[in-house]
Amino acid sequence: MTSFVEKEGMTRRQFFKGTGILFVSAVLTGVFAKMGFDVQAASDEYIAKRAAGLYSLDESMTLRKSHLNPEIAQIYKDFLSPGEVKPLTAKSERLLHTRYGSEIPALIEELKHPAENEAA
Amino acid sequence: MNSILSDGVIHVSDRCKACDHCTSICPTGAIHGRLGQKHSIKTAKCINCGQCLVNCPFGAINDQSMVSAIQAALTDPNKFVVVQEAPAVRVALGEEFGQEPGYNAKGKMYAALRKLGFDQVYDTEFTADLTIMEEGTELIHRVFKAVGQAGFEEAGPLPQFTSCCPAWIKYAEDNYPKVLPNLSSAKSPQQMFGAVAKTYVAEKLGVNPANIFSVSVMPCTAKKYECSRPEMIASGYQDVDAVITTRELAQMIKDAGIDFVNLPDEQADKLVGTSTGAATIFGVTGGVMEAALRTAYEILSGQTLDKVDFKPLRGLKPVREATVEIPIQALGGKVLPVKVAIVTGTKHVAPVIEDVLAGRSKYHFIEVMNCPGGCINGGGQPIRRDIYTEGGLL
């Protein structure tokens with residue numbers, strides 16, 4: 001969008017005015033969209049603000065690495081891999097992992113009829 | 001719930017002005033109709049992302065609501081209603097109450113959910129941390145297999161794609177079934193939370209999982225589809241019962257007459273409510289990758305990572321790449337250049353997949369988020385009408 005604005009010598013506000021007029025006329029809007037203009041670009045400003053909000057929240061947290069979360073250690077030790085912190089156990093695989101596409105019907109069967117050695 | 005699977009989440013209403021803007025937004029060509037013709041959505045191609053909805057200049061596109069099921073559960077004395085909220089919700093919810101985008105509404109969000117009657121207010125960020133543990137370990141196994149380390153023969157192929165975004169998952173299933181073995185098998189944080197709530201949480205709190213009603217607040221419309229998928233029953237029940245968007249939560253808060261901006265800040269409930277900064281950035285493009293690298297680096301190198309910000313991964317460019325050098329303790333400190341890529345916007349993912357299928361891809365790990373900018377710009381977020389009113393349109 002930046003290059004477009006520079007080429008036409010328009011300010012941002014004038015640019016939006018122009019867009020607004022085009023929108024009122026459905027025909028021109030369609031043509032405009034087909035030319036490849038992307039109103040998405042106009043939303044970059046608020047997207048950047050929301051992103052900045054998350055990054056500053058991250059910076060404000062005492063813990064910033066997932067494996068240091070004490071409740072994560074607890075769910076592994078108490079439940080997923082008793083006594084230790086060990087991802088990808090049979091229990092984790094069943095509760096926290098999935099399959100895709102053509103493998104889903106078989107997964108549903110397994111979940112509805114848990115194998116004898118790993119009963120729910 | 002089944003109607004979502006058969007009819008999709010997103011629908012064009014009678015208010016459609018036939019302007020054809022949505023067809024230029026839709027990443028999959030799922031919108032039927034030409035200029036001057038009322039549009040409709042082809043469910044089979046739609047990935048439920050809701051980008052057409054948030055970008056429609058006339059507010060003529062809607063997503064299916066699950067609010068009434070949630071209200072019924074909240075008033076049912078036999079139901080134990082738990083709630084989780086995605087990271088992106090807390091930096092956008094305030095916009096519905098006059099705050100700037102990015103305003104941190106986390107503490108007020110927890111407080112409002114308690115006022116609405118939820119029995120336990122947890123946080124999706126907890127299972128985002130859990131996702132890093134599972135998905136990060138899976139990546140490490142795939143890398144070890146690729147370098148010929150014994151004991152990892154069962155691991156999947158490289159590169160590994162992230163699997164948090166349900167719109168991306170459906171896109172891959174619909175269009176590139178051959179790339180599915182490259183997708184991480186880890187469920188999204190929302191679905192991990194659902195499975196954990198009706199097993200671990202039920203056990204710890206002594207609640208019958210049959211009575212738990214599990215609600216999710218998401219910046220996303222595709223999450224409604226994801227929770228309805230028939231395989232999401234690992235707990236023995238439907239893992240997540242209902243999903244509402246950031247917009248719908250704001251409406252519930254307003255309908256209940258809660259004075260949101262003056263609420264005191266509260267904390268999430270313990271057990272599955274604590275999280276780290278790594279989980280927080282899941283809501284922005286590049287964030288899942290950055291969170292994964294923070295943990296993978298420490299686990300693989302055995303060293304403490306002092307500088308946790310991976311700035312080259314950040315930004316709004318649709319496709320970005322970076323190389324992170326990690327000394328691998330298990331290989332005697334040999335440095336492995338880990339090559340990663342980040343894609344934001346499903347329109348840009350096809351060439352990346354084509355490279356993988358052709359064996360040309362140089363990456364180890366690829367993050368894909370459907371919405372431009374990530375979940376913060378999801379189809380369930382507050383609609384920024386001002387980008388149109390600024391032009392004097394509406």
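Helices of at least four residues are DSSP runs, numbered from the N terminus, and the legends below use such numbers for a predicted model.

**View 1. A:Leu88 sits in a loop between two helices of chain A.** The loop that holds A:Leu88 runs between helix H5 (70-80) and helix H6 (90-96) of chain A. Phi of A:Leu88 is near 65°, a positive value in a residue other than glycine. Most residues other than glycine have a negative phi. A:Leu88 has 20 other C-beta atoms within 10 Å, and it is therefore buried, since 20 or more are needed for that label.

**View 2. B:Asn48 lies in a loop of chain B.** This loop is the one between strand S3 (40-41) and helix H3 (51-55) of chain B, and phi of B:Asn48 is near 65°, a positive value in a residue other than glycine. With 27 other C-beta atoms within 10 Å, B:Asn48 is buried.

**View 3. A cis peptide bond joins B:Leu158 and B:Pro159.** Omega of this bond is about -5°, and B:Pro159 is placed in the loop between H7 and strand S7 (160-161) of chain B.

**View 4. H7(B) packs against H13(B).** The two helices meet at an angle of about 60°, with their axes 10 Å apart, which means that H7(B) is oblique to H13(B). The crossing of H7(B) past H13(B) is right-handed. Among the residues that meet are B:Ile132 and B:Leu139 in H7(B), and B:Ala292 and B:Ile299 in H13(B). The residues of this contact comprise eight nonpolar, two polar and one charged.

Terms used. Residues are numbered from 1 along each chain as its sequence is written. Chains are lettered from A and ligands numbered from 1 in the order in which they are written. This is a predicted model: local features need pLDDT of at least 70, side-chain atom pairs count only at pLDDT 80 or more; totals for chains, interfaces and linings use all residues. Axes are lines fitted to C-alpha atoms, for helices over the stretch in contact, and angles run from 0 to 180 degrees between N-to-C directions. Angles under 35 degrees count as roughly parallel, over 145 as roughly antiparallel, 65 to 115 as roughly perpendicular and the rest as oblique. A crossing is left-handed if the near helix is turned anticlockwise from the far one by less than a right angle, and right-handed if clockwise. Two residues are in contact if their C-beta atoms, placed from the backbone, lie within 7 Å. Ala, Val, Leu, Ile, Met, Phe, Trp, Tyr, Cys and Pro count as nonpolar, Asp, Glu, Lys and Arg as charged, and the others, Gly among them, as polar. A residue is buried if 20 or more other C-beta atoms lie within 10 Å of its own, exposed if 12 or fewer, and partly exposed in between; C-beta atoms are placed from the backbone.
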